[in-house]
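Here is a short briefing to read alongside the model. Please keep the sequence and the structure open as you go.

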Amino acid sequence: MSVYRPLVCLFRHGTAARAWRTLTTWSPVGAAFNARVHRRLDIFHQNGLFGVPELSCVEGFEVVQDRALQETQQLVEEACRCPPGVQTVEIFDKLSDSLCRVADMADFIKVAHPDPSYREAAERTCINIGTMVERLNTNVDLCKSLKDLLDNEEIFSKLDPETRRVAELFLFDFEISGIHLDKKKRKEAVNLNVKLLDLSNQFLMSCHMPNRIEKRALPEHIHQHFTKDGNYIQIGGLNADAPDDLVREVAYKVFLYPNENVMHILEELLSCRDKLARLVGYESYAHRALKGTMAKSPGRLYSSEIVSDFEMMREMKTKLNPRNPVSFNNMACWHVVFYLCRFNIEPSLYSPYFSLGACMEGLNGLFTQLYGVSLLAEQPSVGEVWSEDVRKLDCHFTIRGGRQLEDGQYQLPIVVLMLNLPHPTRSAPTLLSPGMMENLFHEMGHAMHSMLGRTRYQHVTGTRCVTDFAEVPSILMEYFATDYRVISQFARHYQTGQPLPQSMVARLCESKKVCGAADTQLQVFYAIMDQVYHGKPQNRSTTDIMIDMQKKYYGLPYVTNTAWQLRFSHLVGYGAKYYSYLMSRAVASMVWKQCFYKDPLNRETGERYRREMLAHGGGKEPMLMVEGMLQKRPSIEDFVNALVSDLDPDFETFIMDSEG
Ligand SMILES: [Zn+2]
């Protein structure tokens, strides 16, 4: 049993929350999203959040939670009583559904609701459900009912593949909690899990804590860029957007200055993870984390191919340089983001062509052509959603997973996308920068993964699949978002209706490649570091490991007295799976090139993609889905080639072009 955490996308930027429901009726949506919203939603009205009537008031959380816990109790008894068979898996899935639908919703409300009393109530619910999940995962009788099924060769072998896979996934959740251990060791596992939860929270909090430096240590003219705190200056980020080199350099050196205490927390966290993994029978934490993924085992990840791939990228960067004032060879880390993504396009020239309405119409057109489905903007019932601004986060949340119901109907999923978008003004609708547009496409890729999934069990619905496959549908959408044939279908000026000029489309598509090379290199470095941290324990500090990895895998030199890893919050959520983004990108790239590149709006290909990849969620082994789509099983070389080939074509042409 596991309660799913939403997969927050790796790197995206930064005010409105919009909720989409899965819909079955159809019409264009552009006008709806460009219209001004006059109404202010009354969140205390009778229709509760997401249509749950009890959630029209804060007290409702307890009611909903208690009902789920009671239902759980009954289902546990039922599972323990029933003879092994398909019904065992069905009961487990119901059990998971009744807990997940409360936990997932609470998970979302606790970060997104404007009212703190709602956020607090949701937080309590999350904790109570989490405690129940922990208890279930160490419930020996419950586990035995599942094991009886898996051990019964005769019955198990006759089950359909999806049911078998889901049964194995449920068993895996028990195993990582150490259920197979003796009482003493099981207790140790529980204690380690509790300690890990605490260390993870501590690390996450300290990742974003500002560092401070005495005012007089910095030149006065840059003080204005930071927060003042008496005789100190607080620096809470890298200020990567600041045009002044000195501001970025100071921010880099102060924000990343190592903190002994945080260093200790991280080292403790890694050591506890290692202990827990070995206690439950794995070689390392990375081995445990990669079970069931496409990568399968840690060794396959940092093979020599990836290293040679790096050499190639470095060469490419050197090629890029002669005509540019910034030498990429002597560049410091604080220049990377700023220069690489700046010297090509000006977002404000593009945004009038990317009104939210135009983009939604673009998505609608794309989905109609590919899958034969369309979106409908539906007016939410009063009280069902809230309309105020939320946090700085771009991600998606599954509020309810899809599953086959006993009466033959399908439980439709509910997905929320949370995006940071500018407000509409008196004279203009919400206008998106190219980055935001691409991001909207990305998040809609996740949403469609959930909405078009038709798994029998909610345990494997849509994005509830292995981490290294989860980003495939969303990254594939980025390819659509940067293809001129797709962009030219929807990018129109919100006032004049003029289409986005061809030359601007071309420049936009090319600029993605420039950022891509630097970004891929950085991602490879991060991914390898994450693997090494979660591999065999080493007798050296995390900083020493990082310095070593940076030297080997990253083009830019390490800056003395910095400890970037202490700001790498993804070490908590992704632990040993940070590579997932690259892996998913490689698969998306292969699917795009082989299947969609020739004709991105082909209905037949769209249908095949839906059938082979989207429909299965996590109910089918990811490599089999990839194989079904590509008609062959890709090798590790194919994965690497896919990443590299994204970066090469027309590179120099573009640089010349952009200087003209
Ligand atoms: Zn994503």
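In strand 4, Y232 has E214 standing opposite. This is a predicted model, in which local features need pLDDT of at least 70 and side-chain atom pairs count only at pLDDT 80 or more, while totals for chains, interfaces and linings use all residues. Residues are numbered from 1 along each chain as its sequence is written. Helices (H or I, at least four residues) and strands (E, at least two) are DSSP runs, numbered from the N terminus.

- Three strands make up an open sheet, with the order 2-4-3 and antiparallel pairing; two strands pair if DSSP finds at least two bridges between them.
- Strand 2 (211-214) and strand 3 (227-229) are the edge strands, each pairing on one side only.
- From one strand to the next, the twist averages 35 degrees; axes here are lines fitted to C-alpha atoms, for helices over the stretch in contact, and angles run from 0 to 180 degrees between N-to-C directions.
- Four bridges join strand 2 and strand 4 in the antiparallel sense.
- Strand 3 and strand 4 (residues 232-235) are also antiparallel, over three bridges, and here D229 is the residue that stands opposite Y232.
- Two residues lie between strand 3 and strand 4 in their hairpin, and G230 in the turn has a positive phi of about 60 degrees.
- I233 and I235 form the covered face of strand 4, whereas Y232 and Q234 form the uncovered one.

**Helix 4**

- Helix 4 (residues 116-137) has 22 residues, which at 1.5 Å a residue should span 32 Å; its end C-alpha atoms are 31 Å apart, which agrees. The expected span is 1.5 Å times one less than the number of residues.
- Its buried residues are Y118, A121, A122, T125, C126, I129, M132, L136 and N137. A residue is buried if 20 or more other C-beta atoms lie within 10 Å of its own, exposed if 12 or fewer, and partly exposed in between, with C-beta atoms placed from the backbone.
- P116, S117 and T131 are exposed on the face of helix 4 turned away from its buried side.
- Among the elements covering the buried residues of helix 4 are helix 2 (60-81), helix 3 (86-112), helix 5 (140-151) and helix 7 (161-176).

**Helix 21**

- T542, M546 and M549 are the buried residues of helix 21. They cover an arc of only 70 degrees around the axis, which means that they lie on the same side of helix 21.
- D544, K551 and K552 are exposed on the other side of helix 21.

- L566 belongs to the loop between helix 21 and helix 22 (570-574), and it counts as buried because it has 25 C-beta neighbours inside 10 Å.
- L566 is 24 residues from T542 in sequence, with 9.0 Å between their C-alpha atoms.
- Leaving aside neighbours within four places in sequence, L566 is in contact with P258, N259, V262, M263 and L266; two residues are in contact if their C-beta atoms, placed from the backbone, lie within 7 Å.
- N561 is in the loop between helix 21 and helix 22. Its phi is near 60 degrees, a positive value in a residue other than glycine, and N561 is exposed, with 10 other C-beta atoms within 10 Å.
- A576 is in the loop between helix 22 and helix 23 (580-596). Although not a glycine, A576 has a positive phi of about 70 degrees, and A576 is buried, with 28 other C-beta atoms within 10 Å.

**Whole chain and confidence**

- The protein chain has 27 helices and eight strands, and 42% of its 660 residues count as buried.
- The average pLDDT of the protein chain is 80, and 80% of the residues score at least 70; pLDDT is the predictor's confidence in each residue, from 0 to 100.
- Residues 303-309 have a pLDDT below 50, and this stretch has nine contacts in the model beyond near neighbours in sequence.
- Residues 387-393 also have a pLDDT below 50, with 16 contacts in the model beyond near neighbours in sequence.
- Where pLDDT is low, the predicted coordinates should not be read in detail.

Technical notes
Arc of directions from axis to C-beta.
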